[in-house]
Amino acid sequence: MFDDATIPLDQWVSTFVDWLVDNHREFFQMLKWPVEQLLTGFEHGLNAMHPAIIIGVVCLIAWRVSGKRLAVFSMASMLLVGFLGLWEDTMITLAMVLSSVVICGLLGVPLGIMAGRSDRFQTYLRPVLDAMQTTPAFVYLVPIVMLFSVGNVAGVLATIIFALPPIVRLTSLGIRGVHPELVEAAQAFGATRWQVLFKVQIPLAMPTILAGLNQTIMMALSMVVIAALIGAGGLGSPVILGLNTLDIGRAVVGGLGIVLMAIVLDRITQSMAQKK
């Protein structure tokens, strides 16, 4: 039935991506530049610091937001990562996650606020977010490699596409969750639109926004192994290398590093959200 009526969508997409590569590669290289600068800054900063300083800073943050138990767990996790020979890979992964989360925050929070205050904008934005979350990551790795080449920057860009929707959705949910009577009371006292946003809606929505940030961090970490397939370094490399050489020990050690890093970041950001 469908043999004579097949839509050649795959050829159209390939032709469109080839056209983008041939005619607009310079534009995409320009988009790559700020991501590359941010990532390089984080990588150089983290690798320049002595491991004891980084462990101390993480433990201090964990102690301040949650208490002694999380601080001890964070110290034990980071020491174990170091003794397993994964310190350098962990710092590369941390730099990639921080770069992705910073860009997701800069893009996602304003988009979430706009979606929270406009039903029409949310209607247009929702299918885009659905597509970003449900499209398999392997599908958009190919055009990303063609447009931005391989490496850590391409890995960060793929991670941004995958990790952006949660912070947009939860920021919108937080803004919409603010009780209308509080907004009306602020307006009744003469608050402007911006004052209502920054002094009423965002502070009250902050726990939900931080929950979205937590989910973005977790999704960014889940992309570490997939990003390694396009040349991104970090903790995904030993996992991919272990799979390719059937070296189960190396793959498990790389996976353990990702798990420990995910637990530490998850507990810290969850505690920050609960404190708010």
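Leucine 246 is found in the loop between H11 and helix H12 (248–275); helices here are DSSP runs of H or I with at least four residues, strands are runs of E with at least two, and both are numbered from the N terminus. This is a predicted model, in which local features need pLDDT of at least 70, side-chain atom pairs count only at pLDDT 80 or more, and totals for chains, interfaces and linings use all residues. Residues are numbered from 1 along each chain as its sequence is written, and side-chain values use heavy atoms, with hydrogens and water left out.

Leucine 246 has a relative accessible area of 76%, so it is exposed; the cut-offs are under 20% for buried, over 50% for exposed and in between for partly exposed, with a 1.4 Å probe and protein chains only. The position is just after H11, and that helix (residues 236–244) has Gly236, Pro238, Val239, Ile240 and Gly242 buried.

Serine 149 is also not a glycine, yet has a positive phi of about 65 degrees. You will find serine 149 in the loop between H6 and H7. Serine 149 counts as partly exposed because its relative accessibility is 25%.

**An aromatic cluster**

The structure holds four aromatic pairs; a pair means rings of Phe, Tyr or Trp (its six-membered ring) with centres within 6.5 Å, called stacked if the planes are under 30 degrees apart, edge-to-face if over 60 and tilted for the rest. One of them joins phenylalanine 27 and phenylalanine 28, edge-to-face, at 5.5 Å centre to centre and 75 degrees between the planes. The rings of phenylalanine 28 and phenylalanine 148 are also edge-to-face, because their centres are 5.7 Å apart and their planes stand at 85 degrees. Phenylalanine 28 belongs to helix H1 (residues 9–48) and phenylalanine 148 to helix H6 (residues 137–148), so this pair ties together parts that are 120 residues apart in sequence. Phe27, Phe28 and Phe148 form one aromatic cluster.

| Residue | Relative accessibility | Class |
|---|---|---|
| Phenylalanine 27 | 44% | partly exposed |
| Phenylalanine 28 | 15% | buried |
| Phenylalanine 148 | 9% | buried |
| Cysteine 59 | 8% | buried |
| Cysteine 104 | 0% | buried |

On the subject of cysteines, a disulfide is a pair of cysteine sulfur atoms within 2.5 Å, and the count by this rule is zero.

**H7 against H9**

Two packed helices are described by the angle between their axes and the distance between the axes. Helix H7 (residues 152–177) packs with helix H9 (residues 193–222) at an angle of about 155 degrees, the axes being 7 Å apart. The axes are lines fitted to C-alpha atoms over the stretch in contact, and angles run from 0 to 180 degrees between N-to-C directions. H7 and H9 are therefore roughly antiparallel to each other (under 35 degrees is roughly parallel, over 145 roughly antiparallel, 65 to 115 roughly perpendicular and the rest oblique). By class, the contact of H7 with H9 has 15 nonpolar, nine polar and no charged residues; Ala, Val, Leu, Ile, Met, Phe, Trp, Tyr, Cys and Pro count as nonpolar, Asp, Glu, Lys and Arg as charged, and the others, Gly among them, as polar.
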